[in-house]
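Dear colleague,

Please find below the structure I promised to hand over.

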Amino acid sequence: MVKIAILMKRRPGLSVEDFQDHLRTRYGPLVLRGPGLRRYVQSCALPQGYARGELLFDAVGEMWFDSLDDYEHSIRWPEFAPAREEEGAFLDRARTVAMPVDVHVIKDGAIPGTAVKNIEFVNRRPGMALDEFRTYWRNVHGPLAAKIPSICRYEQNHLALGEYQKGAAPPYDGLAVTWFASTAEMRSGAATAEYAATRADEAHFLPEGHLPIIITREHVVL
C-alpha cells in the first residue's frame, strides 16, 4: 500500500476557520468518490498555531492506495473531477504539494483519541547524498527520537524515489510525523534528556535551524 501526502495551503483571503470547514464538509466527501481509495485522513493545524503569524501549510491530507498506479488512476477518474474542481474554491494550488511517500514506522504505539499530531517538513543537509540521508534518518536518528517518552507514535515518510527523477528538485525529502497525547505532553517531552540528544543529532543530517512544522489534530474520513 502507498500513501500520498497532500500539503495544503489555503486560498488567499480565506480564513482558517472557513478553510477547515470547507476541507471537511465539502471537499472530503468529494474525495471519497474516487475509486481505489483505501484510507483518507485530514490533519488541520491547531488554531493556536497561528498566534505568531502564518503557517507554511494549513493542513495535510493523507490518502492510501494499493499502488501508485491506483492513485494516478483515481485522480483522473470522472468521479474525482468534482473534487479537483472544488480545490479552486479553497486551496492555493501554487503552494499545495503532493508527495508520494514510503512510510517507515519507527515507534508503533497507540494513538489516544484526543492526540495532537506534529508534522515536520524535512530536507536533508546541503551536499548530503540522498541514500546517506535516508539511511541516517531511519537507522540512526529515528531510534534516538523514538526514546522521547511522551511520543505515542512516530513515522518517517520518505519521499518516493521516483519523485527525484522528474527533473526539478522536490521541495521536501520527507515528513516526520509524531503523535502526542496532548500539547502539554509534547511540551514535556521537549524538556527531557532524550529530546536534547535528538536535537543534538540533527546537525548530522539536517540543515541548520528548525525545520518548519505544523501541529495538528487529525480527522479520519475513511
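Eight strands close into a barrel in the order S1-S3-S2-S8-S5-S7-S6-S4, with antiparallel pairing, where two strands count as paired if DSSP finds at least two bridges between them, and where helices (H or I, at least four residues) and strands (E, at least two) are DSSP runs numbered from the N terminus. From one strand to the next, the twist averages 30°.

Before going further, please note that this is a predicted model, in which local features need pLDDT of at least 70 and side-chain atom pairs count only at pLDDT 80 or more, while totals for chains, interfaces and linings use all residues. Residues are numbered from 1 along each chain as its sequence is written, and side-chain values use heavy atoms, with hydrogens and water left out.

Turning to the strands, S1 (residues 2–8) is joined to S4 (residues 97–107) by five bridges in the antiparallel sense, and isoleucine 4 stands opposite proline 100 in S4. S1 is also joined to S3, again antiparallel, by seven bridges, with methionine 8 opposite alanine 59 in S3. On S2, cysteine 44 likewise has alanine 59 in S3 as its bridge partner, and S2 and S3 pair antiparallel over six bridges. Seven of the seven residues of S3 are buried, meaning under 20% relative accessible area, with exposed being over 50% and partly exposed in between (1.4 Å probe, protein chains only). Ala59, Gly61, Met63 and Phe65 point one way from S3, whereas Val60, Glu62 and Trp64 point the other way.

Two helix pairs come next. H1 (16–31) and H3 (residues 81–90) pack at an angle of about 170° with their axes 9 Å apart, the axes being lines fitted to C-alpha atoms, for helices over the stretch in contact, and the angles running from 0 to 180 degrees between N-to-C directions. H1 and H3 are therefore roughly antiparallel to each other, since angles over 145 degrees count as roughly antiparallel, under 35 as roughly parallel, 65 to 115 as roughly perpendicular and the rest as oblique. The residues of this contact divide into nine nonpolar, one polar and three charged; here Ala, Val, Leu, Ile, Met, Phe, Trp, Tyr, Cys and Pro count as nonpolar, Asp, Glu, Lys and Arg as charged, and the others, Gly among them, as polar. The axes of H4 (residues 130–145) and H6 (residues 193–201) come within 8 Å and cross at roughly 155°, so H4 and H6 are also roughly antiparallel to each other.

Two loop residues may interest you. Arginine 10, in the loop between S1 and H1, is buried, with a relative accessible area of 13%. The side chain of arginine 10 reaches the backbone oxygen of leucine 14 at 2.6 Å and makes a polar contact with the side chain of glutamate 54 at 2.5 Å; a polar contact is a pair of N or O atoms within 3.5 Å, where within protein one must be able to donate a hydrogen and the other to accept it, and residues adjacent in sequence count only if both atoms are side-chain atoms.

Leucine 46 lies in the loop between S2 (39–45) and S3 (59–65) and is buried, at a relative accessible area of 7%. Leaving aside neighbours within four places in sequence, leucine 46 is in contact (heavy atoms within 4.5 Å) with Val116, Thr183, Ile215, Thr216 and Arg217. The C-alpha atoms of leucine 46 and threonine 216 are separated by 5.2 Å, although these residues are 170 apart along the chain.

With best wishes
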